[in-house]
Amino acid sequence: MATANYMTMESFPLFAREFTSEIKCCKHCGLYQDSDNDVCEECGGELEEEIFVDEIEVQETVSDIESRLDDDVNESLVFHKISVLPGHYYGVQFYVETTDDPTEMDNEDCRYYFDMYRSVAIRRYNSEVNKVCRILRKLAKEYGFDELYLRARFGNGAALYGQVENTNRSRLLQAVAPRR
């Protein structure tokens with residue numbers, strides 16, 4: 001049974017990155033080349049294109065992002081935690097976990113855990129959702145992640161993703177808003 005490559009989140013956009021590149025390999029001598037040639041520079045054999053996953057770049061990038069998240073970002077968040085997760089088959093994604101949700105607590109619990117009334121905690125929670133979205137967009141731009149959306153999910157669990165082309169939210173909201 002198939003499964004979706006990335007986990008989607010209800011309140012947050014999906015940012016993912018694949019660390020693949022195309023290289024050419026000679027089928028006669030096995031030499032890999034980064035050239036635009038169709039003929040091997042070593043033996044003159046025909047080159048075939050192959051997809052190459054750079055595992056070292058994956059490890060370095062994920063390590064850099066995780067240290068940045070641990071040092072700066074997650075300490076400033078009260079209700080959420082951002083992490084980097086591998087895709088089921090390939091690539092990595094940003095994933096946001098809700099650590100505490102004040103909408104599921106009563107006033108007494110909010111006073112105990114957050115030292116604020118439930119109504120204030122809910123407003124801060126909603127404000128933090130917006131803050132996390134801004135952080136995700138900033139990190140995605142800095143590290144070369146693409147914003148994706150779930151195009152289709154099939155009965156066997158497989159999923160198709162599409163890339164968000166226009167991230168200008170004001171235009172998107174204008175298109176969705178009803179006309180008066």
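Is glutamate 142 buried, exposed or partly exposed? Partly exposed, with a relative accessible area of 45%. Keep that residue in mind.

A word of caution. This is a predicted model. My topic today is salt bridges. Searching the whole structure turns up three of them.

Start with glutamate 57 and arginine 17. They form a salt bridge, and their closest N and O atoms are 2.7 Å apart. Where do the two sit? Glutamate 57 is in helix α1, residues 55-73. Arginine 17 is in strand β1, residues 14-17. Glutamate 57 is partly exposed, at 28% relative accessibility. Arginine 17 is buried, because its relative accessible area is 17% and the cut-off is under 20%.

Next, back to glutamate 142. Its partner is arginine 68, with the closest N and O atoms 2.5 Å apart. Arginine 68 is partly exposed, at 21%.

Last pair. Arginine 137 and glutamate 147 meet through their side chains, 2.9 Å from N to O. Arginine 137 belongs to helix α3, glutamate 147 to strand β7, residues 146-153. Here the parts tied together are ten residues apart in sequence. Which of the two is buried? Glutamate 147, with a relative accessible area of 11%. Arginine 137 has 24% and counts as partly exposed.

That is the tour: three salt bridges in the whole structure.

Key. Residues are numbered from 1 along each chain as its sequence is written. This is a predicted model: local features need pLDDT of at least 70, side-chain atom pairs count only at pLDDT 80 or more; totals for chains, interfaces and linings use all residues. Side-chain values use heavy atoms; hydrogens and water are left out. A salt bridge is a side-chain nitrogen of Lys or Arg within 4 Å of a carboxyl oxygen of Asp or Glu. Helices (H or I, at least four residues) and strands (E, at least two) are DSSP runs, numbered from the N terminus. Buried means under 20% relative accessible area, exposed over 50%, partly exposed in between (1.4 Å probe, protein chains only).
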